[in-house]
Amino acid sequence: MKKSLVLLAALTAGCSTDPPQFLPPPFGPSGPSPIRLFFPTGLAKTSEGHLLVANGNFNHAFDGGTVVGISRSYLDSVFLLRSAANAKLDCGLATTDPGFDARCSQQIPQEQFTGAAMIGNYAGPLVLDGTGAAAYTGSRDSGTLNGVRIDPGVRVDAAGTLHCLPGAGDDATKDCRKGVIDLQPFGVDGPYGMVAGDTVFPGETTPHPALFVASLIPHIEDISSGVISTSSSVAVLNLQDPSQVFFRLQVAQAFDISNGTAPGPIVFDRVRREIYLSGCYQRAASFGAGEPGTGLCVGSSNNFLRMMNVDSGTAASTVWVDLRSDVLSTFTTQLLLADPDPVTGAPGTLWATMRNPDALVRIGLPSEPSVAPRVRQAIPLPIAPADMALIDRGSASALIAVASQNSNSLAVVDTASGDVVAQVGRLGDSPFNVAQISCPASADYADSACLAVSVFGACRVALIEVSKTQPAATAVRALLGSCP
Amino acid sequence: MTGRAILLLASAAVVACNSAVANSALGEFSAPTGASATGAGDRDVLFIANSGRDGLRALQLCNTALLPNGNLSPADTCPPNVNGQFIPAPIRVFAATIETGHRPIRVAGVRLNRTDGSAAGVALAAGVDATVAVVDARSLVETQLTPGAVPKDILYLDVGARTVDVIAANPMNPDLDVETAAAPGATIPAFVATTSQLVVLDVGLDAGGSAQLPAIRARCDLAPVVPTRIAVVPGSPDLVYVADGVGDGVVSIVTSSIAGGPCTMHRISAGGRSVKSVAVSPRWYDGVRVHGPGDLLMMVVEPLAAAQPGRDLDPGGVLFAGTGVDPGSPTDPEFPEGVFPIPPFPSRDTTSERMQPLSLPGGGLMQDGAFLRSVPPRTAAVSPDITPCVAAPCTPLYVGSPSTAPTHNYSLLAVAANSDGGSYFFDVPNRRFVNANLYATDGDASLTPVFSTPVFSAPNAAAPVMLIDPLSAEAGVTHNSTWRAIWHSPIPGLDRRGGTVTTTDHGTLLFTPALTDFTPWQNDPAIALAPGDFVSFGAYTADPSTPAACQDTVTRESPYRFELPILAMTAGSMELGTLPDVGASVGFHPDAPCKFGAVAEVRTGGTQPWLVFDGSTARGRVLPDNTFVAHERRFDYPHSTYDPASPPVASRDVAFTFNIVGTNTIPRSGFTWTVTSGQAPVGFNDTVAVAVGGLSTAVTPYSSPRVQSLVFTSITGGNEVLQANPALLASDLVLGLVAYR
């Protein structure tokens with residue numbers, strides 16, 4: 001009898017039609033494997049200073065991506081490495097350079113990962129909730145919002161500090177690919193840009209913490225005689241429980257000035273009570289096979305900045321400002337608010353990284369409501385600028401660090417002069433996202449800002465020190481991880 | 001780099017001057033910026049900062065004078081097949097990267113001669129660190145000619161602080177008005193602006209005729225000036241102009257006064273604006289006298305920081321100014337110090353209003369500027385001026401209009417690079433853009449702005465009519481734009497706001513939005529939000545704590561069905577009137593007590609219900625008599641003449657006027673019309689290639705005994721360099737415009 005049961009079980013297994021699972025490391029693909037980075041994109045610093053990295057799985061080598069954590073103590077230790085001459089490591093040198101220190105390029109020790117959790121594919125920017133207890137990123141192929149719970153501590157137990165949020169997957173196996181919510185029913189087919197903020201419902205006075213999630217993929221409303229009509233929405237989610245949708249903001253409709261195109265990055269202006277979006281993506285049969293794909297707008301003659309009030313619910317309307325007469329780009333990769341008014345706190349500047357032309361663009365946000373935002377300065381940048389980070393220097397002008405995707409470098413711009421005051425290279429293939437992290441508590445780093453840059457094609461994170469007093473001394477301090 | 005040509009379709013000129021098929025060498029540019037030429041043997045080498053690749057590119061330009069008939073001289077040893085080609089890398093299909101490191105931004109070519117009289121120039125490159133890279137141009141040229149040879153090492157001079165700009169005071173050939181080399185073995189002064197100092201260098205060759213580290217002659221502290229660019233008088237090392245990126249205008253510093261400590265500076269105002277680029281005029285000829293060099297400044301000024309309600313944000317632009325230096329008339333300079341007066345007032349007029357910055361009629365930010373070589377009048381052909389021009393003005397520019405005589409001569413031209421990727425020419429003495437439409441018809445007729453017919457958004461038999469007065473338009477003031485006049489318009493920046501509505505004890509409603517302060521809209525004169533304006537509700541949320549009748553009233557409402565007048569307002573709330581029932585028409589008058597949530601669209605009303613928009617900027621409200629005067633910022637002085645009795649002063653900068661006849665009843669309906677400035681600034685850009693969009697940052701004029709005039713524009717954001725021949729532009733599809741990528 002026992003033998004029969006075994007035989008039956010074997011036959012049943014043999015008849016299974018489920019395809020094999022290729023889980024991402026460390027969960028697979030064939031049994032547990034070391035944690036590593038693969039197509040890293042989004043970055044976030046936890047409240048304890050650990051670095052979270054979203055792995056995008058862009059080549060579909062696995063059945064999903066991951067979010068992994070790297071401990072602050074390890075990052076500190078790498079920043080503090082010294083050469084034989086007792087100098088900080090300069091890891092921007094060519095590997096063939098005699099001065100290149102082999103410790104510059106290293107694998108992250110397994111014990112220095114604070115945890116790992118599975119998420120969907122194509123992770124984009126990583127956003128923390130207000131308390132730092134959860135991190136979110138979108139999956140553009142499924143329309144899913146991924147959510148990972150962050151437990152305090154370095155590594156509480158063998159399970160690590162990263163877990164699935166309730167309802168977002170099987171926490172026992174760290175399989176959070178189910179996601180917090182499918183946003184496609186809300187017109188957000190390809191969640192990408194997202195920002196934490198708040199909203200006040202009409203009739204109320206208390207702001208509700210909210211997560212604004214924009215879609216890179218326009219939503220198809222109709223296909224008539226081969227003509228695709230699309231719209232684009234921003235889902236406004238309860239930041240305390242993003243499975244709840246407060247409402248959706250329609251940022252583009254099929255027959256408005258944008259032709260239903262979708263934006264890229266998004267930022268939140270708490271004082272003006274607005275979100276700003278920029279960039280242009282469209283759907284076309286030529287971009288996809290079968291289903292219409294999504295790509296950068298072709299032949300567009302506008303460079304729209306879109307603005308929407310966040311306290312009007314679904315009644316909010318989009319305000320459009322065309323920036324193209326000053327800068328002829330249609331491709332915005334990131335936005336960043338700066339220069340708050342000392343009285344009202346309203347930001348006076350919206351920085352944008354744009355491509356073709358490759359530039360860091362300063363957009364003035366006048367305090368006079370009759371005056372529309374306009375480009376005030378266009379600073380040329382190395383090829384294909386991507387994400388950026390603002391580095392505050394107190395009474396001195398702020399710096400902005402910009403990753404340059406196609407030149408494998410990071411440029412540092414002085415916002416007062418508009419000059420690129422530092423540029424470090426050899427980060428690896430396609431630097432993408434930038435996050436400011438904590439510097440080591442060392443006198444050596446007292447006047448520095450420390451940055452982590454996800455290097456998409458090189459499966460690594462680059463650590464960079466920016467001197468606040470001498471920005472030209474910006475240097476690469478480590479290159480962590482590599483592709484197999 | 002075998003010289004394999006790539007075929008490029010490019011277009012010159014903004015207006016109608018399209019085309020140009022250009023053969024160009026591959027430069028593999030990544031964010032090119034500053035450029036400058038120096039001599040090396042039998043040719044010039046134009047060094048271009050390839051900032052994205054931490055190096056320079058070196059473009060070879062043969063420079064031996066042509067024969068009077070325009071043919072090559074038999075004595076010219078520069079091979080024609082290297083002209084316009086980059087010095088190659090060891091793998092010759094690629095351009096050599098001259099690795100100066102540290103993101104070079106600015107370059108200065110220093111023209112030096114060896115003791116044998118042969119040219120052996122040096123390039124100085126300034127980047128993001130505290131060093132100046134010194135590149136030996138001669139060895140680069142010789143390396144490509146001699147198998148196995150290697151170029152001289154790049155030298156680095158530490159100047160103590162981050163470099164901002166570098167320039168060399170090369171001598172000028174007094175017969176040709178082109179740069180020439182120093183006497184054999186002599187040094188040439190060069191100047192470096194760092195973030196804090198002006199440093200004077202003496203640049204020379206070593207005993208072997210190669211580049212050596214320059215000697216620092218002197219330095220001085222620039223504070224409070226924050227330098228952005230520096231310039232010297234062509235052919236003279238005696239005076240340096242420093243553009244101030246924070247203060248007003250530029251400062252001049254006498255070289256001999258530089259001796260440590262604070263610089264002794266004299267400031268030339270730009271009308272309160274800071275300056276991002278400065279250039280000094282060369283010697284020039286206007287048919288009356290020979291001017292300069294050094295009597296004029298070209299300043300590219302920054303946008304004004306402050307916004308003016310009802311106006312779009314200022315873009316900055318180009319100003320021309322006198323330096324007050326006039327060797328021919330030192331006590332009564334033809335161009336006294338300061339920004340030019342507005343036309344038609346002569347340059348000596350120091351009391352009339354000053355000119356406004358010149359900018360494009362449709363947008364864009366001027367980035368960098370330079371003067372072009374002024375062609376001297378001659379009776380016989382002398383290279384590079386093969387076509388004799390007996391009387392000034394003699395500097396040719398292909399304008400394209402009229403078709404029968406598309407090329408015009410000017411006494412002094414300047415060119416500026418713009419953020420839209422184009423470069424545009426200026427007729428300097430006339431303080432205006434070179435404008436194709438000026439020549440299109442007689443009497444400046446083609447300069448007149450053009451208006452489309454206003455289209456009403458809700459056509460009906462009783463619709464109002466808009467009448468634009470075309471005679472009120474002013475060339476040089478009226479911009480290209482799309483305008484709207486909206487009746488009961490949503491108020492920009494405020495348009496829809498969520499809030500709470502409660503009934504009051506005196507039959508009105510109180511709307512209180514969350515986290516909104518109305519003060520900016522009340523204080524903005526172009527909007528002037530005030531009682532009399534309207535609110536229309538677009539969404540309702542019933543409050544369960546209120547009486548059922550209230551809830552019922554709210555839940556039955558539809559969006560934007562009615563407008564309620566604003567009776568009074570504070571910074572945080574609006575008191576609204578109710579709407580009584582009239583016959584069968586249902587009003588809106590909830591019985592007290594009632595409280596509900598609503599999204600309010602705030603609209604213009606009262607005695608001035610029309611709000612006028614220029615693009616996205618609200619210009620103001622139509623007056624109660626239904627007239628509107630559109631004031632705009634002047635961007636050019638395009639007319640051939642101006643009446644001294646009615647000069648183009650800023651207070652009269654009226655773009656056009658209109659009035660609206662009839663009444664409107666449909667909220668948010670209105671007129672849309674487009675305005676075309678009538679101006680066609682002459683310039684060039686690349687509108688076809690991959691680099692569309694551009695973002696030009698640096699413009700470099702070039703002349704030599706062979707080349708009358710070329711302009712190199714670094715399309716930094718498009719990763720290419722455009723070479724333009726001003727005399728040809730779109731008229732010559734091969735030589736008019738060449739793109740290097």
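Below are some exercises, each followed by a worked solution.

This is a predicted model: local features need pLDDT of at least 70, side-chain atom pairs count only at pLDDT 80 or more, and totals for chains, interfaces and linings use all residues. Residues are numbered from 1 along each chain as its sequence is written, while chains are lettered from A and ligands numbered from 1 in the order in which they are written.

**Exercise 1. Find the order of the strands in the open sheet of four strands in chain A, and say which of them stand at the edges.**

Step 1. Helices (H or I, at least four residues) and strands (E, at least two) are DSSP runs, numbered from the N terminus. Two strands pair if DSSP finds at least two bridges between them.

Step 2. The order is E1-E2-E3-E5 in chain A, and the pairing is antiparallel.

Step 3. Strand E1 (40-45) and strand E5 (113-119) of chain A each have a single partner strand, so one side of each lacks a neighbour in the sheet.

Step 4. On average, neighbouring strands here are turned by 20° against each other, direction ignored; the axes are lines fitted to C-alpha atoms, for helices over the stretch in contact, and angles run from 0 to 180 degrees between N-to-C directions.

Step 5. Look at one pair: E1(A) is joined to strand E2 (residues 51-55) of chain A by four bridges. There, A:Pro40 has A:Asn55 in E2(A) as its bridge partner.

**Exercise 2. Describe the hairpin of E16(A) and E17(A).**

Step 1. Strand E16 (residues 266-269) and strand E17 (residues 274-278) of chain A run antiparallel and are joined by four bridges.

Step 2. Opposite A:Ile266 you will find A:Leu277 in E17(A).

Step 3. Four residues lie between the strands, and A:Arg273 takes a positive phi near 65°. Most residues other than glycine have a negative phi, and most peptide bonds are trans.

**Exercise 3. Which residues of helix H2 of chain A are buried, and what covers them?**

Step 1. A residue is buried if 20 or more other C-beta atoms lie within 10 Å of its own, exposed if 12 or fewer, and partly exposed in between; C-beta atoms are placed from the backbone.

Step 2. In H2 (residues 72-79) of chain A, the buried residues are A:Arg72, A:Leu75, A:Val78 and A:Phe79.

Step 3. Seen down the axis of H2(A), they fall within an arc of 125°, so they line one face of the helix. The arc is that of the directions from the helix axis to the C-beta atoms.

Step 4. Their cover includes E2, strand E3 (65-70) and strand E30 (431-437) of chain A.

**Exercise 4. Where is A:Gly49, and what does it touch?**

Step 1. A:Gly49 sits in the loop between E1 and E2 of chain A.

Step 2. A:Gly49 counts as partly exposed because it has 14 C-beta neighbours inside 10 Å.

Step 3. Leaving out residues up to four places away in sequence, A:Gly49 touches A:Arg72, A:Ile437 and A:Ser438. Two residues are in contact if their C-beta atoms, placed from the backbone, lie within 7 Å.
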